[in-house]
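Here's a quick walk through one protein model, with an eye on its strands and aromatic rings. Have a look at the sequence and structure first.

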Amino acid sequence: MELWFSEQHTPNVKFSIKVDKQLFSETSEFQRVDIFDSAEFGRVLTLDGRIMLTEKDEFIYHEMIAHVPMCANLEIKKVLLVGGGDGGTARELLKYDTIEQIDLVEMDEVVVRACKKFIPQTAACLDNPRVNVVINEPLKFLRRIENAYDLIIVDPTDPFGPGEGLFTKEFYGNCRHALHDLGIMVNQHENSYYQKDAAAMQRAHARVGDIFPISSVYQIHIPTYPSGHWLFGFASKKIHPIADADFQRWQSLNIQTNYYNTKIHSGAFALPTYVEKLLSR
């Protein structure tokens with residue numbers, strides 16, 4: 001008998017992966033956490049039936065959420081990761097010797113524990129001494145922090161369910177207060193293709209734009225995410241994602257990547273016309 005995992009992208013669209021073996025399943029206080037093996041994508045992490053990462057294509061997401069802000073400001077030393085309990089974003093940031101501390105605030109301990117055991121490709125780095133894993137609700141963690149971080153990467157689940165509070169104007173305002181003057185915030189913006197997701201993307205972009213004077217959107221292609229087209233937001237008080245990027249210096253660091261490069265960095269901010277129209281509404 002064949003076993004298939006299917007994620008419902010819309011009421012009319014499903015994305016399915018053939019499952020070789022179920023490795024982990026537990027319902028936490030916040031969500032159901034599953035990890036399974038597949039022939040095509042390797043190990044797959046899902047939360048409440050939605051794919052968070054696969055071993056085959058996770059590098060695309062994690063490289064682009066980490067290296068774009070780093071190239072824009074190579075003086076970053078202290079980072080806050082909101083979510084990201086799988087460890088992939090922290091792994092990319094640890095490639096910079098100049099980063100002194102990464103505070104990873106994950107509300108669900110089950111995600112961290114499961115990924116450490118079954119997806120070491122991303123989570124092995126969580127034992128690095130520069131990574132401080134804090135199990136806490138990010139909204140509570142951030143409320144009293146001011147002028148503390150050079151970079152905040154908001155890497156939550158979708159804006160529905162347990163991650164919904166990380167897409168609010170209050171939360172983005174707390175991020176601004178927690179950043180230094182040259183600080184940067186990057187957050188995942190969902191996709192722009194399916195109607196429900198596009199509406200969430202528009203809300204997030206509008207809220208970030210109300211908080212930060214510099215607010216841009218950039219794109220990636222990731223096969224296992226809804227529509228395959230995914231967006232990130234780049235926000236800052238003073239740093240521009242392209243004009244302030246030091247491409248030559250970044251290249252001199254010889255950081256190994258499989259998706260990110262300096263040409264992709266600039267090109268990712270050139271958005272399709274329909275996305276530009278959605279963002280302008």
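How many bridges join strand β12 to β13? Eight, and the two strands, β12 (residues 214-221) and β13, run antiparallel. This is a predicted model, where local features need pLDDT of at least 70, side-chain atom pairs count only at pLDDT 80 or more, and totals for chains, interfaces and linings use all residues. Residues are numbered from 1 along each chain as its sequence is written, and side-chain values use heavy atoms, with hydrogens and water left out.

**Around β13**

Strands here are DSSP runs (E, at least two residues) and helices are too (H or I, at least four), numbered from the N terminus. Two strands pair if DSSP finds at least two bridges between them. Strand β11 (residues 179-188) also runs antiparallel to β13, joined by five bridges.

Eight of the eight residues of β13 are buried (under 20% relative accessible area; exposed is over 50%, partly exposed in between; 1.4 Å probe, protein chains only), so β13 is largely enclosed by the rest of the structure. His-229, Leu-231, Gly-233 and Ala-235 point one way from the strand, while Trp-230, Phe-232, Phe-234 and Ser-236 point the other way.

**Aromatic rings**

Rings of Phe, Tyr and Trp (its six-membered ring) pair if their centres lie within 6.5 Å; planes under 30 degrees apart count as stacked, over 60 as edge-to-face and the rest as tilted. By this rule there are twelve aromatic pairs. One of them is Tyr-61 with Phe-232, edge-to-face at 5.1 Å centre to centre and 70 degrees between the planes. Tyr-61 lies in helix α1 (residues 58-72) and Phe-232 in β13 (residues 229-236), so this pair ties together parts that are 171 residues apart in sequence. Both Tyr-61 and Phe-232 are buried. They belong to one aromatic cluster, together with Tyr-218, Tyr-225, Trp-230, Phe-234 and Phe-269.

**A four-stranded sheet**

There's also an open sheet of four strands in the order β3-β4-β5-β6, with antiparallel pairing. Its edge strands, β3 (21-27) and β6 (50-54), each pair on one side only. Strands β4 (residues 32-38) and β5 (residues 42-47) pair over six bridges, with Ser-38 opposite Gly-42 in β5.
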